[in-house]
Amino acid sequence: MKTSKHFTLKELVPIDVYNQYGKEAWKLFDEKLIDTIDFIREKLDKPIIINDWQWGGKNQYRGYRPENCKVGALNSAHKDGMAVDMTVKGMTAEDVRTWLKDNHNDLPWPIRCEKDVNWVHVDTRAKFGIKLYFFKP
């Protein structure tokens with residue numbers, strides 16, 4: 001069971017999932033996603049916020065989303081443990097997407113990235129073997 005070097009489960013799952021599964025919730029994630037978010041955190045060397053509910057914030061569905069979750073698309077990669085939405089301290093979403101574009105060859109796995117939104121969506125549902133694929137739902 002892969003765990004993250006830089007993120008806790010509370011940053012990656014909603015309250016109910018954390019309470020139900022505890023540390024076993026790591027099994028809900030695609031290992032490639034964990035590798036990818038750790039890589040981004042290490043290379044940018046800036047704080048990254050995914051879920052902030054543990055600090056009194058309102059975000060709890062920016063990482064894993066349970067099947068009955070009403071947030072996002074019906075067949076979202078979040079529901080397969082393959083996606084996160086994040087914000088990076090000191091960078092706009094577009095800055096992060098530009099950084100990803102400039103550094104995509106170094107990514108540990110191919111990723112998809114949503115464009116034209118004010119957060120950074122990263123998922124490991126790779127398309128066509130391309131290392132970085134931008135999409136608009």
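Reader: Why is Arg62 said to have no salt bridge, and which side chain of opposite charge is nearest?

Author: A salt bridge requires a side-chain nitrogen of Lys or Arg within 4 Å of a carboxyl oxygen of Asp or Glu, and the nearest side chain of opposite charge (Lys and Arg count as positive, Asp and Glu as negative, while His and the chain ends are not counted) is Asp85, 5.2 Å away, so Arg62 has none. The model is predicted, with local features needing pLDDT of at least 70 and side-chain atom pairs pLDDT 80 or more, whereas totals for chains, interfaces and linings use all residues. Residues are numbered from 1 along each chain as its sequence is written, and side-chain values use heavy atoms, leaving out hydrogens and water.

Reader: How do you know that Arg112 and Asp123 form a salt bridge, and are they buried or exposed?

Author: Their N to O distance is 2.9 Å, which lies within the 4 Å limit, so the pair qualifies. Arg112, at 13% relative accessible area, is buried, and Asp123, at 0%, is buried as well.

Reader: What makes the contact of Asp80 with Arg125 a salt bridge, and why are both called partly exposed?

Author: The closest N and O atoms are 2.5 Å apart, and because the limit is 4 Å, the contact counts. Asp80 has 42% relative accessibility and Arg125 has 28%, so each value falls between the two cut-offs of 20% and 50%.

How values were computed. Buried means under 20% relative accessible area, exposed over 50%, partly exposed in between (1.4 Å probe, protein chains only).
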